[in-house]
Amino acid sequence: MMKGPVMNPVHGLARRGFLTSAASGTGLMALAHQLAGAAPVANPLSPKPSHAAPKAKACICIYLEGGPSQIDLFDPKPKLNELHGQKLPESLTKNVRFAFIQKEGARVLGSPRTFARHGGCGMELSDLLPYLSRHADDIALVRSMHTEAFNHHPGQLLMNTGAPVFGRPSMGSWLNYGLGSPSRDLPGYVVLSSGRGTSGGTSNWGSGFLPSTYQGVLFRNQGDPVLNLSNPPGVDADIQEATIRALSSLGAGQYKHLGDPEIASRVESYELAFRMQASAPELIDLSREDKRTIERYGLDRKEPAIKASRGGGPGQFRSFATNCLLARRLVERGVRFVNLFHASWDHHSNLDNELTHNCQMADQPVAALLDDLKARGMLDSTLVLWLSEFGRTPLGENRGGSSNVTGRDHHPFAFSIWMAGGGIKGGQVLGKTDEIGWSILEDPVHVNDLHATILHLFGMDHLRLTYRFQGRDFRLTDVGGKVVNKLLA
Amino acid sequence: MTTLILAMLAAGADAVPLDSAVAKVLQTNCVACHRQGKAKGGLRLDTSEGLAKGGNSGPAIVPGKSSESRLMRAVSGTDSELSMPPKPRKSLSGQEAGILASWIDKGARWNDSTRLVASGQEAEPTKPHWAFQPVKRPKVPGDAVSLAAIDAFLRQRLASEGLSPSPEADRPTLLRRVWLDLTGLPPTLEEIRLYEGDQAQGAYERMVDRAMDSPHFGERWARHWLDLARYADSDGYEKDTARPNAFRYRDWVIEAFNANMPFDRFALEQLAGDMIPGSGPSQRQATGFHRNTLTNKEGGVDQEQFRVEAVVDRVNTTARVFLGLTLGCSQCHDHKYDPFSQREYYEMFAFFNSDAEIDLPVGQGPEHAVWQKAMDAHAAKVGQTEDRLKTLKASGDAKAVAAAEKDLAALKKSAPKPPVMPTLARGPERPTHVMIRGDFLRKGTIVSAGTPAVLPPLNTGAQPTRLDLARWLTGPENPLTSRVIVNWFWSKLFGRGIVATLEDFGTQGEAPSHPELLDWLAHSYRLDGWDTKRFLKRLMVSAAYRQSSAWRADLGEKDPYNRLVGRQSRLRLEAEAVRDVCLAASGLLSRKVGGPSVRPPQPAGISELTYANSAKWVESKGEDRHRRGLYTWFQRTSPYPMLMTFDAPDANVCVMRRERSTTPLQALTLLNDPVFFECAVSLGAILKAESGSDASRLRQGMLRSTGRPPSLDEEATLAAFLTTARAKLAGKDDAEAGAWTVVARLLLNLESVPVRE
């Protein structure tokens, strides 16, 4: 359907600015444009119709970088404790490549976690997730995810962009490209990050070959929420407003003189920037949230000390909780896609301590976010995702032949993610793995299938949401993808 | 309907013909794609030799064992990856499959020289795609002399659409256009005076020459080329380790453009500088072109996987830059649209598969001298320590001896490393396999180096090398390279290519808007010995280039993309140039050319996004804070935000055509980023210090930022803004300086500052 700028004239025109969008307000440019008698032009981010009636209108994607251990969180395998310390039959590991495990001495690693059934559906979840467990009936747990990539960066690219290579647009870019964003004063795709930084950096929320209008805008939870949002020292709001007005007036003159719609577009972008300067600080100002909300998200929780830097060092409890609360506030203000990253969950060693620590950080605020969305009647139209690039092995990691095994290696063949809200049928477990969690037995879901399903929830057909680049029509689902109907409400 | 056509060649005495029922099954279902000239998957089923040889994935049949034959797996539909014939063609009937199976089980007898022809497909469409046809010098329309040829072609087409070209732009616009296009910088005040003072015939040409002779010419065109070369200062992927020596390749490109190196030589040195007879350090340095591929040092990666990925990138980049082909599509399967098979992809792959990444010491020069000096000092220190050790040993003080030995060992380890340059060179021979589905672990048949059959042959010996490939690319027969490159140059000066899809000259790319002009340019460029400056000047002296860029309603309606060049294009400058223009306008710009990449100020919290916060951003000092954008350190996992906000490519793959987006983040950058505010402060100070009236100072500011004086309306708006600023700042410290700073900030944010008219 939609094509790249060169191939399709309509897109080129669509690129031309903010003039007639809801966001344009009554700027001088809009007036000048009308005076010039030019045809209306569309904001590239103004809302566009979907292929079918959507269930989801916004998405909050919580991305736990590194590969949280599904065996210790979502997919109980008591058999592992029986087999603890034993070798696996060679038939299982023969053709498998590991990142760090040395096959010869590899032994099964049991789990100290206890699992209990939760909710009406009786979903089994780990004792590390007491808060989330209360939402068992809201979430669809997928125990049968699989991916090809077994290194972090390619895996992250695959999970976020649909292909394990650089240069592809991420989920949020595709959604904004296909659907626009209802937000008046904020970008349609916002990224919030905590922890030590992801392997993939900005490529995880890049717009790839799509115009950069669609890229994720990294908000920070300290200092400016948007880069360069504050005026330079000595420039107050009055002067800023006078500057924007003068720029609009000068731009309008130039536009009348030269008639290039791109002039209108550029001046309108200044007007939106000015509105963002006003709206973004209000967004991150949590002082008007009631105290109980702050408590529920756990912003001021005491953070236990841990001797590990993998999770990003001290301060992550507050940072992660703040991001969860900001995610709700962004969606409330019409932002289409919020991407929350935390790094890292890459527990090659010291798994028990560090996974416990990370879960203490994430469990409460994520559950509070689900509560909050539900209480505000927003969960039905807001899709919440818990994702990572892969899971972890039932084998302990014996890097360098080490016998001191305290962690697990990367496991792409079977891992768990969950989804909630936005047209997802909660209270179900999809997929089944074998008794040690090595392979999938039922309902395998590939990353491309997950993406096809997400687009479907937004009323988009993953086969029709395309962009022509370098001679090919690209899709979020690359060359694969099937909607997983069992996940739909 | 199914006529068995037998091309009977000399049949041997014991020749066994193919069973006619089997022949019919193959002709009906298989031969259309598996035949001479179109061996999909590397497999031919139209001759007994082809059948015996098998395809990319291996043998097609095992005589006597149909159950072990790939052919049967493929046609039975049991293997989802290998289901033949592909949709929408009909699957084989049970009877047809049975005929094949029983023939295989009986030994698959066939050894005569019959060549099968697909049913109903006797004749092939013959006319090749336009871009694969030879470049011919077309006749210039009318009786124009060659200098005006460009305009003759363009005007003929415009006239046929009932359109006329636009008038020439005014002198200040032309001056700024030429300097921005050729150097990426606005004209200096001195150049403005020179051009104003030269009203004689040929002033424009002289001005173009001055811009071409500027050392900044090389910087501008190098930056364009670096997009193709996917140049960056770090490895990419998780660890994203620094590449402190990558800049040497960048400097080589700058020097090559400044020296006006002929393009065929330019290509040759970058692709095969290590193999040119008598090559020296400079040619070696040029091979850094293909060292810009990503490197994954993440723990636990399979090194072979990422070596293969680097080679894949080299093949794809070479094909895109020089041939304008999306060859990468055939990495995993035969190309869906263009006539390239997967086997041909790996034949190209073979040219690069035995290369090694070698860091060579830089040759003699200032850098080497600095290292030599440090090395001498180090050697002296080692000598002193050894002497001390000798004395101590004589004294018999065991504790002191141990300490001195430790010192010596540490010292020896800390010898200064010689400066090196990244190069590509021949390594040990590696066999090249077709990789089934592009998977490096699934090795198919072995292939040797070769170029795609649809292009003119590579006339070399049995074992063609990378050097042969490089020569073939710019050889007189090659229909693509000259077209692709002139089109790329054209796009930089006109805002879009004659072929709009600069990176795709295949059947899925756009057809040229002016095919004859394209060929005329390609032919002229080669005829002129690939003389780049001469070629660019040819474009720039044309009336088409010198047209006004003002929007025209008639053109807007009939030709919204300006394909017909009825006017010039108004272009938002590239990210680096946006920075450079503001630094230049405010008098801060450092004009130093070349050297290691620098780290100008960037907002806090950016480099923290890298792996474990590993890429520390230590701000450069002195003039290095104000170097041109192309010298900004490019860290792949946390690129300089200003560059990315203005659509700089991410340097992960070759990019021939940048996006030009317009976002509020760009506005925030120009208004508030510390670098741009520093520009405003500096320009404000300059204006405040000028003598003369407010009006003349405002005019001066407008000239500096946009290259043109303000209109009457603009003058009034600017004056009113100055008054407002003074009023708002009244009573504050340095109120007058503050007022001029905010005026300068306004001037640097004018719509036309980051625009080439």
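User: Why is Asn350(A) called partly exposed?

Analyst: Asn350(A) has a relative accessible area of 25%. Buried means under 20%, exposed means over 50%, and partly exposed is what sits in between, using a 1.4 Å probe and protein chains only. So 25% puts Asn350(A) in the partly exposed group. Before we go on: this is a predicted model, where local features need pLDDT of at least 70, side-chain atom pairs count only at pLDDT 80 or more, totals for chains, interfaces and linings use all residues, and side-chain values use heavy atoms, with hydrogens and water left out. Residues are numbered from 1 along each chain as its sequence is written, while chains are lettered from A and ligands numbered from 1 in the order in which they are written.

User: What makes the phi of Asn350(A) worth a mention?

Analyst: Most residues other than glycine have a negative phi. Asn350(A) isn't a glycine, yet its phi is positive, near 55°. You'll find Asn350(A) in the loop between β7 and α13 of chain A. Those labels come from DSSP runs numbered from the N terminus: helices are H or I with at least four residues, strands are E with at least two.

User: How do you know whether Asp647(B) is buried or exposed?

Analyst: Check its relative accessible area, which is 7%. That is below the buried cut-off, so Asp647(B) counts as buried. Asp647(B) also has a positive phi, about 70°, without being a glycine, and its place is the loop between α23 (641-645) and α24 (664-672) of chain B.

User: Which value goes with calling the bond between Ala343(A) and Ser344(A) cis?

Analyst: Omega, which is about 10° for the cis peptide bond joining Ala343(A) and Ser344(A). Most peptide bonds are trans. Ser344(A) is in the loop between β7 (337-343) and α13 of chain A. Chain B has a cis bond too, from Met84(B) to Pro85(B), with omega near -10°. Pro85(B) belongs to the loop between α3 (70-76) and α4 (94-105) of chain B.

User: What makes α22(B) and α25(B) roughly parallel?

Analyst: Their axes come within 8 Å and cross at roughly 25°. Axes are lines fitted to C-alpha atoms, for helices over the stretch in contact, and angles run from 0 to 180 degrees between N-to-C directions. Under 35 degrees is roughly parallel, over 145 roughly antiparallel, 65 to 115 roughly perpendicular, and the rest oblique. With an angle of roughly 25°, α22(B) is therefore roughly parallel to α25(B). On the α22(B) side, the contact (heavy atoms within 4.5 Å) is made by Val578(B), Arg579(B), Cys582(B), Leu583(B) and Ala585(B), and on the α25(B) side by Val675(B), Phe676(B), Cys679(B) and Leu683(B). The residues of this contact split into 8 nonpolar, no polar and 1 charged. Here nonpolar means Ala, Val, Leu, Ile, Met, Phe, Trp, Tyr, Cys and Pro, charged means Asp, Glu, Lys and Arg, and the others, Gly among them, are polar.

User: And why are α26(B) and α27(B) called roughly perpendicular?

Analyst: They pack at about 110°, with axes 10 Å apart. That angle falls in the 65 to 115 range, so α26(B) and α27(B) are roughly perpendicular. Their contact residues divide into 5 nonpolar, no polar and 5 charged; among them are Leu698(B) of α26(B) and Leu722(B) of α27(B).

User: What counts as a nonpolar core, and how many residues are in the largest one?

Analyst: A nonpolar core is a set of buried Ala, Val, Leu, Ile, Met, Phe, Trp, Tyr and Cys residues joined through side-chain atoms within 4.5 Å. The largest has 118 residues, and Trp418(A) is one of those with the most contacts inside it. Helix α13 (residues 351-375) of chain A gives the most to this core, with 10 residues. A second, separate core of 112 residues includes Trp252(B), Ala449(B), Leu521(B) and Met656(B).
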